[in-house]
Amino acid sequence: MILYPAIDLKDGKCVRLAEGRMDAVTVFNEDPAAQASQFQRAGFEWIHVVDLDGATSGSPKNASAVSSILGAAQIPVQIGGGIRTIENIAFWLEAGARRVILGTVAVRNPALVKEAAKAFPERIAVGIDARGGKVALEGWVEQSEVSAVDVARLYEDAGVAALIVTDIGRDGLKTGVNLQLTSDMANAVTIPVIASGGVKSVDDITQLRALPGRAIHGCILGRALYDGDIVPADAIRAAA
């Protein structure tokens with residue numbers, strides 16, 4: 001299993017939200033590039049970056065901070081948040097991102113996502129952010145009635161590299177990862193699934209690895225990592 005330490009960007013700073021609420025922000029580092037370097041030194045193999053301002057506005061807003069991360073990191077970086085055009089996708093891939101994450105557009109415009117997956121093989125991920133099994137859009141501000149599993153199935157044969165499945169109700173709260181949602185998604189499609197939201201300890205990683213059925217490809221680590229509840233070396237050992 002691959003672990004993805006998260007860098008969520010708001011106003012150029014590295015932050016964490018609670019339940020995706022933009023009014024519940026904790027700043028953890030004012031230098032995102034330094035945070036990326038720290039994760040690399042800790043032994044992580046990837047970095048997960050989200051432009052929170054971009055996600056809510058519909059277009060990238062933290063370009064300078066993202067560029068600094070790409071310049072500092074010698075490990076692969078995946079980036080999401082407000083990326084909703086082929087031009088934006090191409091820009092970030094050419095800038096050095098290994099993978100681009102498409103969320104809202106994956107529901108609004110599946111044809112664009114499939115076009116991107118064909119144009120950039122293995123470099124497009126679909127972000128599925130769910131609340132009560134239904135997908136949330138526009139940086140989690142808008143709740144849809146679209147089933148998360150139905151969105152996943154749209155991309156079964158599209159060639160996307162991964163599905164990033166987030167339980168919004170747990171995100172940033174350290175209440176434990178949603179094992180049922182993650183398992184349901186992993187067994188609904190053959191696309192690799194990355195679990196996100198609520199991870200509180202190394203035990204979550206162990207439990208994800210032990211789920212029956214299709215293996216979970218990866219796990220995103222957020223607040224618990226920043227708070228020190230998860231020690232990088234212990235997490236990496238549990239995931240190996």
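This is a predicted model: local features need pLDDT of at least 70, side-chain atom pairs count only at pLDDT 80 or more; totals for chains, interfaces and linings use all residues.

Colleague: OK, so what does the rule give for 240 residues, and what does the protein have?
Modeller: A compact globule of 240 residues would come out near 18 Å, and the protein has 16 Å, which agrees. The C-alpha trace spans about 40 × 40 × 35 Å along its principal axes.

Colleague: What's the secondary structure?
Modeller: Eleven helices and twelve strands.

Colleague: And how much of the protein is buried?
Modeller: Buried residues are 55% of the 240. Of the contacts with a separation of 6 or more, 69% are between residues 24 or more positions apart.

Colleague: How many charged side chains, positive and negative?
Modeller: There are 23 positive and 28 negative ones, and the centres of the two sets lie 2 Å apart.

Colleague: Let's zoom in on helix 1. Which of its residues are buried?
Modeller: Helix 1 covers residues 32-41, and its buried residues are Pro32, Ala33, Gln35, Ala36 and Phe39. Looking down the helix axis, they fall within an arc of 160°, so they line one face.

Colleague: What do those buried residues pack against?
Modeller: Strand 1 (2-10), strand 2 (13-18), strand 3 (21-29) and strand 4 (47-51), plus helix 3 (63-72) and helix 10 (223-227).

Key: Residues are numbered from 1 along each chain as its sequence is written. Side-chain values use heavy atoms; hydrogens and water are left out. Helices (H or I, at least four residues) and strands (E, at least two) are DSSP runs, numbered from the N terminus. The radius of gyration is taken over C-alpha atoms; the globule rule is 2.2 Å times the number of residues to the power 0.38. Buried means under 20% relative accessible area, exposed over 50%, partly exposed in between (1.4 Å probe, protein chains only). Contact means heavy atoms within 4.5 Å. Lys and Arg count as positive and Asp and Glu as negative; His and the chain ends are not counted. The place of a charge is taken as NZ of Lys, CZ of Arg, CG of Asp or CD of Glu. The arc is that of the directions from the helix axis to the C-beta atoms.
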